[in-house]
Amino acid sequence: MTARGRGRIERGAQRLRFVRWPGIAALLLVSLAACGFPPGEAFDPVSDRGSDISRLFVLSLALSLGVVFLIAALLFLIVIRFRDRGDKSQASGKTGDPRLEVAWTVAPFLLLLVLFTLTVRTMRSVQEAAEDPLHVRVTGNQWWWNFEYIDNGDVSSPNELHLPVDQPVEFTISSSDVIHSFWVPRFGWKVDAIPGQERTMTLTPTDIGVYDGACAEFCGNQHAWMRMLVVVEPADDFEAWMQAQERGAVEPQTDQARGGQDVFLNGTCVSCHTIRGTDADGTVGPDLTHVGSRENLGAGVLDNTHDQLKDWIRDARAIKPGILMPPYPVEQISEQDLESLTAYLEGLK
């Protein structure tokens, strides 16, 4: 190899050394950003069993860091104490102290035994059945969530989960198509939704608030927009919400909304959606009986406002490509009918 070639290689190696650590730091930042939630949320659970898991994690992390620092300190001490001073006469045939060999064998064994025992105890507490829980069936679909309150008949609340504080809840989790993962970071843990299987997750929400959730298993091109909203509220507020959800759809109050109901019932919408109290009983898409009271559309992709609801009806696939909901061709619905249909759906509260 020529001197010029060797020079190029050396300059390239210097550049690599220069960008290596900034590159690693950037990669870590991108990885954290991809999580989609503030990193601290998973370490501040608002459920009893999530707190059990969090405490086990913090203890394991503390013990692991203690071991790392202890080994680093001993290594530093050994390097300083027994470094080569250039005196060749110090060499001897002495062997190591057997007590040290016993110590570094027994100590890790005891540490792992403690962690194993605590892990088994936490697993048992997380899997333990609750007494008189609220039963909620969770179904993952591409790309939205359906929550059915089994104890309350026909109540279905797509993408918006309401729970009473301090009451045990038992989720029965499954999927209608591919593998999803039911994940609310503030609950402290997650469970996969698998087609053909029903898996159970039991917990008690402990803090009132509104929390974000998502699918944590890649499930297709709109995986990032398979979000959910979780509302943990006082028992009285939850009961009032449940009573409202148990009622059928309200009757349209204006001529425009009544026209929108006709558009809905005489169009393709009834093939996929249910509106209780009407002839619409489709099961392919979300239940729209109370769609006007929900915070967002399309599993979090849009806020539930008049203009965005109208855009969603006109062409949902332009907003969330790949979903099943077809667009409304311009020749099939006039601007007036689109406004009427939007007004009707807005009134379903």
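**Helix crossing.** I looked up how helix 6 passes helix 8, and the crossing is right-handed (the near helix is turned clockwise from the far one by less than a right angle). Helices here are DSSP runs of H or I with at least four residues, numbered from the N terminus. This is a predicted model, where local features need pLDDT of at least 70 and side-chain atom pairs count only at pLDDT 80 or more, while totals for chains, interfaces and linings use all residues. Residues are numbered from 1 along each chain as its sequence is written, and side-chain values use heavy atoms, leaving out hydrogens and water.

I noted an angle of about 120° between helix 6 (residues 306-314) and helix 8 (residues 335-346), with their axes 10 Å apart. Axes are lines fitted to C-alpha atoms over the stretch in contact, and angles run from 0 to 180 degrees between N-to-C directions.

**Who meets whom.** On the helix 6 side I found His-306, Leu-309 and Ile-313 among the residues in contact, and on the helix 8 side Leu-338, Leu-341 and Leu-345 are included (contact means heavy atoms within 4.5 Å).

**Core.** I then checked the largest nonpolar core, which has 57 residues; Val-136, Phe-171, Phe-182 and Leu-345 touch the most other members. Such a core is a set of buried Ala, Val, Leu, Ile, Met, Phe, Trp, Tyr and Cys residues joined through side-chain atoms within 4.5 Å. Helix 8 gives the most to this core, four residues.

**Gln-261.** I located Gln-261 in helix 5 (residues 255-266). Gln-261 counts as buried because its relative accessibility is 14%, and buried means under 20% relative accessible area with a 1.4 Å probe, protein chains only.

Methods: Helices (H or I, at least four residues) and strands (E, at least two) are DSSP runs, numbered from the N terminus. Buried means under 20% relative accessible area, exposed over 50%, partly exposed in between (1.4 Å probe, protein chains only).
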